[in-house]
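This report describes selected features of a protein model, moving from strands to helices, aromatic rings and backbone details. Please keep the structure in view while reading.

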Amino acid sequence: MPLSPVWGALIIFVLCPLLGGLPLIGWLMRALAGKDLQQVGTGNISVSAAFYHGGRLVGILAVCSEAAKGIAAVLLARAFFPGEPAWELVALIALVMGRYWMGKGAGTTNAFWGIVTHDPGGAALIAFIGGLSFTLFRDRHSGRLVGLFLLALILSLRHPSDPPAMLAAIALALTIGWIYQKIPDDLDLPTTGASQDSQTMFRFFRGDNALLTLNDRLEASKVGNKAATLAQLKRWGYPVPDGWVLPAGDDPRPLALSLQPTPDAPLIVRSSAVGEDGLAASAAGLYESIANITDTAALEAAILCCQTSYTRPQAIAYRRDRQLPDTSLAVLVQSQIRGTVSGVAFSRDPLERYSEAIVVEALSGGAERVVSGQFTPQRYRVYCNETADSEGAIAPDAIVEGEGDLPVGPIQAAAQLARDLERRFYGIPQDIEWSFDGEKLWLLQARPITNLQPIWTRKIAAEVLPGAIRPLTWSINRPLTCGVWGDIFTLVLAQRAHDLDFNDTAALHYAHAYFNASLLNEIFQRMGLPPESLEFLTRGAPFSKPSWASTLRNTPGLLRLLQREWQLASDFRRDDTTLFERSLHQIEAQKLEELSPEELFWQLDSILSILRRVTYYNILAPLSFAFRQALLGVAPKELDNSPLPEVQSLRELAQLAAEARHVLPIAQLGVDSCPSLFACLAELPDGEAVLAQFEEWLQRYSYLSEAATDIAIPRWREDPRSTRELFAQYLLHPPPESDPPPKSQGWRARQAQQRLVLKGQVAELYSRLLAHLRWTLLALAGRWQQAGILADVADIFFLEFSEVRQLLEAEETSALRQRLPALLEQRRSQFERDRQLTGVPYTIYGQPDSSAYIPPAPFPTSQQLRGIAASPGAITGRVRVVKSFRDLDSLASINAETILVVPYTDSGWAPLLARAGGLVAEVGGQLSHGAIVAREYRIPAVMDIPNATERLRDGQLVRLDGQAGLLEVLAAPPEAS
C-alpha cells in the first residue's frame, strides 16, 4: 500500500532540498583536487565548476553524483505517490531549490536525469528538438531558454489530461530559469583557464558550437584558407599562437564573452575569407585586421569591423577582377604576440625567382609594423647549405646578407621556418608572417606566393623527354603524352575532369620539357591521391598514403583504372596481333626512297595513328610494373631484366664477343683500338663472319639511340661508332659476366616479372615506331632539300608537325613558303641559345624569364649530395661530365675509375655505361635505364642530383655510394688545385 500522502509530501519538501544541498561536488573537489570551489572561479559548487577546476575525472564523478540525486528524488516521489507524475516534478523543484539555496548550483544535471527517470520518452524528445534548435541559435543563453520552453511544453503535452502535472512542468522550467538569472555562470569563464584534460568537455558543456579553435580540424571552404592552414600547422606542431574562429553568420557575442581580453593578454582580430591566401589570390591587406584589443567591448567592435570589410567596394572589385566568387568571411581571433623582432619571410625570392636565397624582411617590435606598409623593413637574404645529412634543414652557419642591425638568430630561424614550410606543402613557395618574443619564434601566417604559380618541374619530364627539344619533336610528343595522361585521369575522375585542359600538363621552356606541377597537384587532389604520386610511380620517390575518405570517394574511378591494369597484358597481346605487328611489318617493308612526298606523309600519319595507341601502353606498362613491384615488395635482384632492350642488347653483344674470342686470335692481332681491330677483322676469314654477325646485331637494335623519345636524335643505325667501340672493348677486355636470372621466383616476383616483360615489349615497339617516324621524316626532308624548300634535311626538325602538313599542301607562293627561311633561322638561333644555357633550371616558378636566371654554383669540396640510391656499391674516382653522347669523341677515355656524370640516361647510353666505374644522373630513379644497366654491370649509381653536369667538374675527386644514394666531393679538379 502507498505511504501516507501527508508523510510523503513532508518528506519531499524536507528531504529533497537537503539532498539537493548535499555538497558532494565540494567533497570530491577537496578529496581529489585539493581545491575549495567556494574560493575559486565564480564560487559555484557545480558540475561545470568541477570540470573547469578539477579536470575530467572530478567532472565525471560530479555528474554521476548529481544525476543520482535527481534519480533518487523522482523515485522517492514515485514511492509515495505512484501514478501521480506531478509529485515527481514537484520533488525535482524542491531538489533544485535546495541546490540553489545551499549548494550554489542551478540543478541542471539534477533536473535532466530526474526527467529521464520521470519520462524517458519525453526526455528524449526534449533533447532531440533542443539539439536541433540549438544549431540554429548557436548561442548558449538563447539555447537554454529554448530548452526550458521545450521542457514545459513537451511535458505538458505528455500529460494533457493532468493539469497538476502540466503546472508542475511549467513551474520546474520557471524555477530553473529564475535560478539562471541569480547565479554567475561558470561557463562564462575563459576556456584557456580550464583544466588541460577537460577543456574539450568544458567547451561541450558551454554549448559554444560556434566556437571553433585552431586546435580543431577546419575546412577552408567554411572558414577560409588562413584559419584552416594555421589549424593544420598547429596540429603538425608548428608554433602557432592560440586562436578562435568565428564562421560567417555566427553571433560574435559568445566568442567575445568567452575570451575576455585584458591589457596583459591582448588579442588580435584578423580576416579569413574563403578564397583568401590561396594559390590564385592572396588578398593581402584587403580586409581589416585590428590589434591590441584589451576588453570585451573592443573585441565585439573589432569583429564587426572585420566582417564589414568584406563588402567594401575595393574588396568587391578585387574579387571581381580575379573572377573570385563572393562567398563569406570568417573572423580569426588570436592571442597577440608581443614581439621584439617581427617580419615576413619568402621561401623563394618573388622577384629574383631563380635565386636560392630566402628573403626575410623584419623590424623591431610587433608584426603589425611590417605588414602595415607605414615602415620600411630591413631586408635580408639567407643562403643555406641544404645538405643530405640535414635533409634540407638550414645549417646554423647559414649565410645572412643584409645591412640591418637586427639579431641574426631570429632571421635564420625565420628563413628555416619558411623553407621547411615549402617542403611541407610539396614545394609550393611560401610567404610567412612571424614574430619573435625574445624566447620563441611564432608563426602567424603562411600562404603561397601567388606570383610564383604555376610551378613547372623537369624532375620527371627530363627523363620522359630529355635534353634540348626541337619544335617537331615537341609538336608530336606533347599531344601523344598529354592525351594519354588525360584519358587516364578522366577514367578516374569522370565528370570531375570536364574543366581540365590536359594539354596544359606539359610545356616547353628553354627548349626543355616541363610538367605543370601545380596542375598535376590539382588533378591528384581530385583523384584522392597524394601530390607526390607521379614521382612515386615514375621515380620511386616516397609516397604517402591517401586518406580513406578520398579513396572511398574515388573508388569507382580507381576500380576502372585497376581493371585496365589487370587487363593490360591481354589488351596488348590483342592489339599486337591485330594491329601493331601487321602495321610495323608494312612500314618496314616500304622502300622510302621510292615514295613520293605525299606517300611519305601518308606513312607519317599511319605511324602516328599507331603511336597514339602504343603510347597508352608505353605509359601504363612502366606504371603497372612500378605499382606491382612496390605493392608486392619485390627487390630488384628477384627480377630478370633481360627482356628490356638496353639489357638484352648488351647481353647479346657480350655473348657475340665471347664466341668470337674462341675463333679469333685476338691476343695475336696486336691491336688496342676500335678502328684497327675492325680493320684486322675484315682481313680474316673468320673475322668476316664475326663482322656479319655484328651487323645483324646492329640491325636488330638499329632503333636505339641516346634519347629514344626524341626523333631529332640519330639512331644506332645512322651512327654506329659507339656500338663498334663497345664491341671492341668486349673483345679486347671481356666484361664481367652478368648475374644469372633468378632460378625460381615466388608468386610476388612472378607478378612483377610479367609486367617487366610487358614493359620491355612495349619499349621496343615504341622505340621502333619512333625510329621509323624519324627515318620517314628524313626521307621527306631529303625530297624537300632536292626541291630547294629546305637548305638542310635537319631543318625539318625545326618545324611543327602542322607546318609540315601545311608545307606539303602549300603552293610555292604561299606565305609559309615565303617566310620559311627566316622562321627556320629564328628557331635555330633560339634553340642554340637555349641549348647553351648553363644549368637549365629544374624548377620554374611562374612564367619563365631567361634574363633573370642565375646559373648554379659549383658544389663545394666536402659537400655531401643526396640522390636516389639506384645501384649498390661504393667507389672513389674522377668525374667525367658527358652532357651528350654525341659530344664524346671516343669511349677510350671512360674506364673503371671514371664516375660518369650525365644529364639523363636512355637505352642508347648502354655502351658508355658499360665502361664506367660509377654513374651519377641529374634525373631518374631505381627503374630508369641507367639504374638497370648499372645493376647489370654491378657499378654504383645515384640518380636525381639536379644540375650535376654543371656543378661538378671534369677531374674532381668524388666518392660515390650507390647503396646510400650519396655523392661526396673530395677534391677540386687537378687544374684548379
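## Pairing of the strands

How many bridges join strand β7 to strand β8, and do the two run parallel or antiparallel? Five bridges join β7 (residues 358-364) to β8 (residues 378-383), and the two strands run antiparallel. The model is predicted, so that local features need pLDDT of at least 70 and side-chain atom pairs count only at pLDDT 80 or more, whereas totals for chains, interfaces and linings use all residues. Residues are numbered from 1 along each chain as its sequence is written, and side-chain values use heavy atoms, with hydrogens and water left out.

Strands here are DSSP runs of E with at least two residues, and helices are DSSP runs of H or I with at least four, numbered from the N terminus; two strands pair if DSSP finds at least two bridges between them. E361 has R379 of β8 as its bridge partner. Three bridges join β8 to β9 (residues 399-401), again in an antiparallel arrangement, and there Y383 is partnered by I399 of β9.

## The six-stranded sheet

These strands belong to an open sheet of six, ordered β9-β8-β7-β6-β10-β11, with antiparallel pairing. Because β9 and β11 (441-448) each have a single partner strand, they stand at the edges, and one side of each is left without a neighbour in the sheet. Neighbouring strands of the sheet are turned by 20° against each other on average, direction ignored.

Helix α16 (residues 408-424) packs on this sheet and touches β6 (341-346), β7, β8, β9, β10 (430-436) and β11, where contact means heavy atoms within 4.5 Å. The direction of α16 makes about 145° with that of β10; axes are lines fitted to C-alpha atoms, for helices over the stretch in contact, and angles run from 0 to 180 degrees between N-to-C directions.

## Helix α18 and its neighbour

The axes of helix α18 (residues 471-493) and helix α22 (residues 555-566) come within 6 Å and cross at roughly 130°. That angle makes α18 oblique to α22, since angles under 35 degrees count as roughly parallel, over 145 as roughly antiparallel, 65 to 115 as roughly perpendicular and the rest as oblique. I488, L491 and V492 of α18 meet G557, L558, R560, L561 and R564 of α22, and by class the contact has five nonpolar, one polar and two charged residues.

## Aromatic rings

Across the whole structure, 22 aromatic pairs are found, a pair being Phe, Tyr or Trp rings (for Trp, the six-membered ring) with centres within 6.5 Å. The rings of W485 and F489 have centres 5.6 Å apart and planes at 25°, so this pair is stacked; planes under 30 degrees apart count as stacked, over 60 as edge-to-face and the rest as tilted. W485 and F489 are four residues apart in α18 and thus separated by about one helical turn.

W485 is buried, with a relative accessible area of 14%, and F489 is buried at 3%; buried means under 20% relative accessible area, exposed over 50% and partly exposed in between, with a 1.4 Å probe and protein chains only. Elsewhere, ring pairs link F678, F694, W697, Y701, Y703, W716 and F727 into a cluster.

## Backbone details in loops

A cis peptide bond, with omega of about -5°, joins Q453 and P454, and P454 lies in the loop between β11 and β12 (455-457).

A494 is not a glycine, yet its phi is positive at about 55°; A494 sits in the loop between α18 and β13 (506-509) and is partly exposed at 38% relative accessibility. Y510, likewise not a glycine, has a positive phi of about 55°; Y510 lies in the loop between β13 and β14 (512-516) and is buried at 8%.

Notes. Ala, Val, Leu, Ile, Met, Phe, Trp, Tyr, Cys and Pro count as nonpolar, Asp, Glu, Lys and Arg as charged, and the others, Gly among them, as polar.
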